[in-house]
Amino acid sequence: MGYMSELESSSGERMDAKVPRTAKPGETLEVRYDLERVKREVSPRDIEQGPANLWRYAPLLPVQDAKHVISLNEGYTPLLQTPRLARKLGLKTLSVKDEGRNPSGTFKDRGASVAISRYAELGVRTVALNSSGNAAGSWSLYAARAGMTSVNVVPTDAQPSSLQQCRASGQPTFLLKNWHDAGRFVAEACECNGWLNICTLKEPYRLEGKKTMGLEIAEQLGWKMPDAVFYPAGGGLGAIAIWKAFDELLRLGWVKGKLPRLYVTQYEGCAPIVQAFEQKRAECSAWGKIDVPPGGLKSPNPPGGRGVLELIRKHGGGAIAVSASDAFAAVDELAREEGIFACPESATTLVGLTQAIARKWIKPLEHVVLVSTGSGLKSIPTLPEPRFPTISSSGEIRI
Ligand SMILES: Cc1ncc(COP(=O)(O)O)c(C=O)c1O
């Protein structure tokens with residue numbers, strides 16, 4: 001531990017990382033490491049000997065002293081081969097990064113574990129965020145484990161699974177009807193109460209946690225990068241984080257070659273990144289009426305929109321809007337073909353891949369990774385109701 005050198009803002013300002021910092025309006029903050037020293041002192045073999053969780057990447061994480069780590073054994077999720085789906089789609093290799101295995105059921109645990117650990121180290125007591133549900137559930141559990149407080153603002157239609165995680169862990173949680181105002185509410189509450197605003201891209205450490213998805217994908221492919229990654233984008237933080245990982249690995253010389261192309265998927269009912277991509281704009285405009293199923297991908301003004309569009313421009317890729325009904329059908333397809341029970345947000349990536357293949361954006365020999373950000377268990381009330389026959393005492397079981 002201890003390779004973090006400083007923080008850098010998107011305007012190039014460098015600052016020490018010894019105190020909690022919030023990004024200035026319109027800017028973002030990123031952690032920088034002394035990668036030359038990491039290169040000299042750490043090797044991919046050392047990483048491979050580490051624990052089977054995201055803390056195996058400790059040299060590339062911001063926590064300075066292992067005693068501050070708050071962990072529920074998150075990360076190091078499997079990168080599952082999906083040969084049946086690949087064959088169906090005419091691809092040689094398709095893999096699914098199964099983030100549903102994380103402790104709270106989604107990839108949000110990565111950002112929560114790393115950022116809460118770092119803030120525990122810096123003596124922060126209370127953080128606040130707006131979340132469409134999954135992050136609130138995750139942060140609540142990790143805050144409880146750390147003895148900290150996570151103040152959560154969630155939409156009125158948040159999934160019961162997430163609300164139960166907030167409730168059971170005893171964290172203060174507020175429901176908000178007009179979701180367009182969520183960021184402003186949290187910012188004002190933080191200002192008044194002296195809480196730390198940990199909303200998407202307001203601070204640098206959630207990104208570091210989510211970055212471990214990219215580190216794992218490369219390690220699990222034998223320190224190689226795939227040709228393309230499909231990611232279900234809400235605020236856009238996860239995609240930006242995965243590419244930060246690839247970039248750091250390239251600088252370390254642990255992987256070689258070109259960074260993958262990025263394809264993001266969004267629901268048709270809230271697709272500001274897709275709209276900007278199709279209109280060839282560098283920035284998203286705020287999305288009007290939100291019409292998406294409960295859960296993630298409810299980000300009408302994505303804080304990472306600009307960053308995601310820049311990654312697509314720089315490395316290739318695209319942004320694809322998906323109907324909710326296609327996403328639900330893809331939940332079933334993932335389960336039926338490969339036994340993977342993903343949430344509908346994650347299943348948008350399979351729909352996006354199918355569309356990308358039809359548009360000839362993907363070549364048959366390319367290695368594609370779908371990021372399945374969460375488990376279907378988080379979305380039970382949203383999925384079609386199971387209808388099975390009841391067996392009477394005299395009934396026969398036949399299929
Ligand atoms: C299951 C799920 N997938 C994807 C996302 C989008 O994540 P990001 O903000 O990194 O784009 C979210 C965010 O709420 C989510 O809960």
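## Close-up views of a predicted model

Figure 1. Three strands in the order 2-1-3 make up an open sheet with antiparallel pairing. The structure shown here and in the other views is a predicted model. Strand 2 (14-15) and strand 3 (29-33) are the edge strands, and each of them pairs on one side only. Strand 1, residues 4-9, runs antiparallel to strand 2 and is joined to strand 2 by two bridges. Across this pairing, Leu7 is opposite Met15 of strand 2.

Figure 2. Strand 7, residues 149-155, is connected to strand 8 by four bridges, and the two run parallel. Asn152 has Thr173 in strand 8 as its bridge partner.

**Figure 3. The contact between domain 1 and domain 2.** The domain assignment divides the protein into domain 1 (4-69 + 107-197) and domain 2 (79-105 + 206-382). Between the C-alpha centres of domain 1 and domain 2 the distance is 21 Å. The contact involves 37 residues of domain 1 and 34 residues of domain 2. On the side of domain 1 that touches domain 2, the elements that give two or more residues are strand 3, helix 1 (35-41), helix 2 (44-48), helix 4 (108-121), helix 5 and helix 6 (160-168). Helix 4 gives the most to this side, with eight residues. By class, this side of domain 1 has 19 nonpolar, twelve polar and six charged residues.

**Figure 4. The shell around the ligand.** There are 19 residues around the ligand, and those that come nearest are Gly234, Gly235, Gly238, Gly296 and Thr373. Helix 5 (134-146) and helix 9 (237-252) are the elements that give two or more residues to this shell. The shell consists of twelve polar, six nonpolar and one charged residues. Domain 1 and domain 2 each supply at least three residues to the shell around the ligand.

**Figure 5. The largest nonpolar core.** The largest nonpolar core contains 110 residues, and Ala239 and Ile273 have the most contacts inside it. Helix 9 gives the most to this core, with nine residues. Both domain 1 and domain 2 contribute to this core, with at least three residues from each. Not counting residues up to four places away in sequence, Ala239 touches Tyr231, Ala233, Leu262, Val264, Val308 and Leu311. In soluble globular proteins, nonpolar side chains tend to be buried together.

Figure 6. Trp361 lies in the loop between helix 13 (344-358) and strand 13 (367-372). Trp361 is partly exposed because 18 other C-beta atoms lie within 10 Å, whereas a buried residue has 20 or more and an exposed one 12 or fewer. Leaving out residues up to four places away in sequence, Trp361 touches Gly318 and Ala356. Gly316 is 45 residues from Trp361 along the chain, and the C-alpha atoms of these two residues are 9.9 Å apart.

Note on methods
Residues numbered from 1 in each chain as written. Predicted model: local features only at pLDDT ≥ 70, side-chain atom pairs only at ≥ 80, totals over all residues. Near = placed C-beta within 6 Å. Nonpolar A, V, L, I, M, F, W, Y, C, P; charged D, E, K, R; others polar. Domains from an automatic or database assignment. Pairing = 2+ DSSP bridges. Contact = placed C-beta atoms within 7 Å. Core = buried A, V, L, I, M, F, W, Y, C linked by C-beta atoms within 7 Å.
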